[in-house]
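Please keep the structure open as you read.

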Amino acid sequence: MSTVDETESPARRRRDEAIALSGWGEQFTLVQPHNLCFWVYVALTVLGAWRAWNYFAPEAGFYAGGFTVGAILCGLCGLAWFAWFRHIDRWERQPGRLVAAAILWGAVPATFAFALTVNTAMLGIYPKLFGQEWSANWAAGATAPITEEAAKLCGFILLMGLAPRLIRTANDGLVVGAFIGLGFAIFEDFLYAANATSRAFGTDPIGNAVQMSAVRIAVSFASHPLFSALVCAGAIYLIGTMAQPRRIGRGVAFVATGMFLHFTWDDASGLGFGVPAVTFLVMTVSIVLGFTVLTVAFRRAAPREHQFVRDILAPEVEAGTVTAAEIDGVLDKQARKAFAKSAPDRRSRRARRHLRRAVLDLAHDVAEYRDEDSDAVRHSRSEVERLRTAARVGTGHDTTPPPTQ
């Protein structure tokens with residue numbers, strides 16, 4: 001049981017309680033021999049890798065060129081999305097090792113140990129039960145939203161067991177779930193490209209790989225990262241954590257929406273009655289709905305992260321290192337726009353953008369090092385002061401964001 005230092009100021013107690021509750025600054029270790037989740041993760045990863053080898057190895061020598069081109073194109077697309085996801089992971093920055101473990105789960109165990117095996121079996125059963133026409137229109141949507149989302153969610157639950165202090169809020173579910181989905185999407189896209197190469201019996205293998213990879217990349221913005229982000233955020237609400245109160249209705253809504261979007265995407269042709277224009281309309285509505293719900297999910301998750309930032313920086317506000325208005329400029333959209341709009345010139349606007357980033361960096365360093373006199377924290381403070389000066393503070397221009405209403 002932790003003890004509270006009564007000599008600490010209220011602001012420092014707020015900071016310490018927020019760091020303990022949020023897990024900000026915690027490191028991730030995958031190798032945990034005394035944690036059963038680690039051994040389950042390893043066993044399923046090995047199984048997935050073995051099945052992936054058995055799937056690709058017999059044809060790799062014949063279609064090496066097509067496989068290589070497909071791997072490069074799908075990998076480059078994955079790198080682009082990886083960079084974007086790291087950019088939007090702006091509150092608690094997930095440790096690189098946790099991100100790598102999430103991507104690996106989506107790429108190997110979820111894809112090959114679970115989804116490929118179960119999907120193949122189910123897609124072989126449906127034609128016998130319902131006929132070829134029904135299967136062509138509905139089999140994918142009747143299978144993948146259940147099997148694939150369950151496969152990715154299993155990895156998310158394992159990672160929660162391996163990183164219980166890091167995965168605690170709905171925002172964590174959105175970000176980690178997106179990385180799991182990214183790993184799944186990269187390898188699924190490569191799987192499609194490899195199949196397009198081999199099923200053409202050697203006829204233009206590179207051209208077929210390029211064509212299929214291009215098609216998959218073109219629709220990658222509405223794919224597994226979107227679906228699994230919603231499902232994993234919903235799981236956090238359903239389970240509840242120390243930092244995230246249980247919200248069963250909200251959790252069910254997000255999980256169901258993620259699976260429904262997966263269904264509409266896989267069965268767009270059936271929902272469109274085979275008419276290209278209607279199918280395109282179904283896909284368009286699915287995309288709009290997906291990103292609308294994702295925006296709502298991030299907005300619902302943001303207040304918890306905002307409060308952590310305010311609490312962690314409370315001693316810095318008390319000491320005058322940053323102002324409450326500057327923190328509002330980081331967290332509040334209206335204050336941020338007003339802050340940028342009031343800049344007298346381009347150089348000042350650029351400095352103000354960097355100042356917002358520096359304030360958030362200070363929160364991260366305070367949480368990670370937990371030492372007010374550490375080199376990293378002192379450097380972050382000096383950066384805040386330098387950028388404030390560059391933004392024309394104290395030279396006749398008011399660069400302090402207005403307080404929020």
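## Ground rules

Helices here are DSSP runs (H or I) of at least four residues, numbered from the N terminus. This is a predicted model, in which local features need pLDDT of at least 70, side-chain atom pairs count only at pLDDT 80 or more, and totals for chains, interfaces and linings use all residues. Residues are numbered from 1 along each chain as its sequence is written, and side-chain values use heavy atoms, leaving out hydrogens and water.

## Salt bridges inside

The structure holds 16 salt bridges (a side-chain nitrogen of Lys or Arg within 4 Å of a carboxyl oxygen of Asp or Glu). One of them pairs Lys152 with Glu149, with the closest N and O atoms 2.9 Å apart. Both belong to helix H6 (residues 132-162), and because they are three residues apart, about one helical turn separates them. Lys152 is buried at 1% relative accessibility, and Glu149 is buried at 2% (buried means under 20% relative accessible area, exposed over 50%, partly exposed in between, with a 1.4 Å probe and protein chains only).

Asp189 and Arg216 also form a salt bridge, at 2.8 Å from N to O. This pair links distant parts of the chain, 27 residues apart: Asp189 is in helix H7 (residues 170-198) and Arg216 in helix H8 (residues 205-218). Asp189 and Arg216 are both buried.

## A link across the sequence

Glu318 and Arg12 meet in a salt bridge too, their closest N and O atoms being 3.7 Å apart. Glu318 lies in helix H13 (residues 314-319) and Arg12 in helix H1 (residues 10-22), so the pair ties together parts that are 306 residues apart in sequence. Glu318 is partly exposed at 49% relative accessibility, and Arg12 is partly exposed at 27%.

How values were computed:
Helix = DSSP H or I, 4+ residues; strand = E, 2+ residues; numbered from the N terminus.
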